[in-house]
Amino acid sequence: MSSKVPEKEITESFARSGGPGGQNVNKVETKVEVRWRPQSSAAFTDEEKSRIQKVLKNKISQDGELIVVAQKKRSQEQNRSLAMEKLQELVAAALIIKKKRKPTKPTKSSKERRLTSKRKTSEKRQNRRVKYSE
């Protein structure tokens with residue numbers, strides 16, 4: 001389907017935040033907390049939901065909510081758009097399926113180069129040894 005979370009499925013809450021803002025910080029609720037329940041979403045297939053659940057398991061609360069907080073900016077609106085952007089990026093990244101790595105074998109010439117260099121190093125060290133004659 002799509003990798004975008006519909007805004008109607010997202011709930012927002014606001015609180016006073018720390019950080020920049022001067023006296024504004026003490027008066028205005030600029031911190032934004034965005035919550036979304038992946039399991040009850042209608043925008044994703046069951047397979048996508050389980051993938052989101054698996055990949056973002058450390059970010060999903062026990063209630064099954066994905067919580068994103070933003071409080072870097074001075075205004076509530078900027079923090080709101082920042083939180084929404086973070087949420088969308090998290091979900092989009094969770095849906096990307098990484099390619100499996102195919103193990104490769106070293107080439108014949110690379111093996112030969114390695115063995116030649118080992119031989120040279122060995123000879124160098126052999127030549128450094130003090131030879132005793134009895």
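Tutor: Arginine 80 and glutamate 77 both lie in helix α3, three residues apart, which is about one turn of the helix. Helices are DSSP runs of H or I with at least four residues, strands are runs of E with at least two, and both are numbered from the N terminus. The model is a predicted one, in which local features need pLDDT of at least 70 and side-chain atom pairs count only at pLDDT 80 or more, while totals for chains, interfaces and linings use all residues. Residues are numbered from 1 along each chain as its sequence is written, and side-chain values use heavy atoms, with hydrogens and water left out.

Student: What makes the meeting of arginine 80 and glutamate 77 a salt bridge?

Tutor: A salt bridge requires a side-chain nitrogen of Lys or Arg within 4 Å of a carboxyl oxygen of Asp or Glu. The N to O distance here is 3.8 Å, and the pair is a salt bridge. Salt bridges with shared partners join Glu7, Glu12, Glu77 and Arg80 into one network.

Student: How do you know that arginine 80 also forms a salt bridge with glutamate 7?

Tutor: The closest N and O atoms of arginine 80 and glutamate 7 are 3.5 Å apart, and the limit is 4 Å. Glutamate 7 belongs to the segment before β1 (10–15) and arginine 80 to helix α3 (residues 76–95), so this pair ties together parts 73 residues apart in sequence.

Student: Why is glutamate 65 called buried?

Tutor: Its relative accessible area is 11%, so glutamate 65 counts as buried. Glutamate 65 forms a salt bridge with arginine 37, with the closest N and O atoms 3.7 Å apart. Arginine 37, at 38%, is partly exposed.

Student: Is serine 41 buried or exposed?

Tutor: Serine 41 has 3% relative accessibility and therefore counts as buried. This residue is found in the loop between β2 (31–36) and α2 (46–55). Leaving aside neighbours within four places in sequence, serine 41 is in contact (heavy atoms within 4.5 Å) with Glu9, Trp36 and Lys49.

Notes:
Buried means under 20% relative accessible area, exposed over 50%, partly exposed in between (1.4 Å probe, protein chains only).
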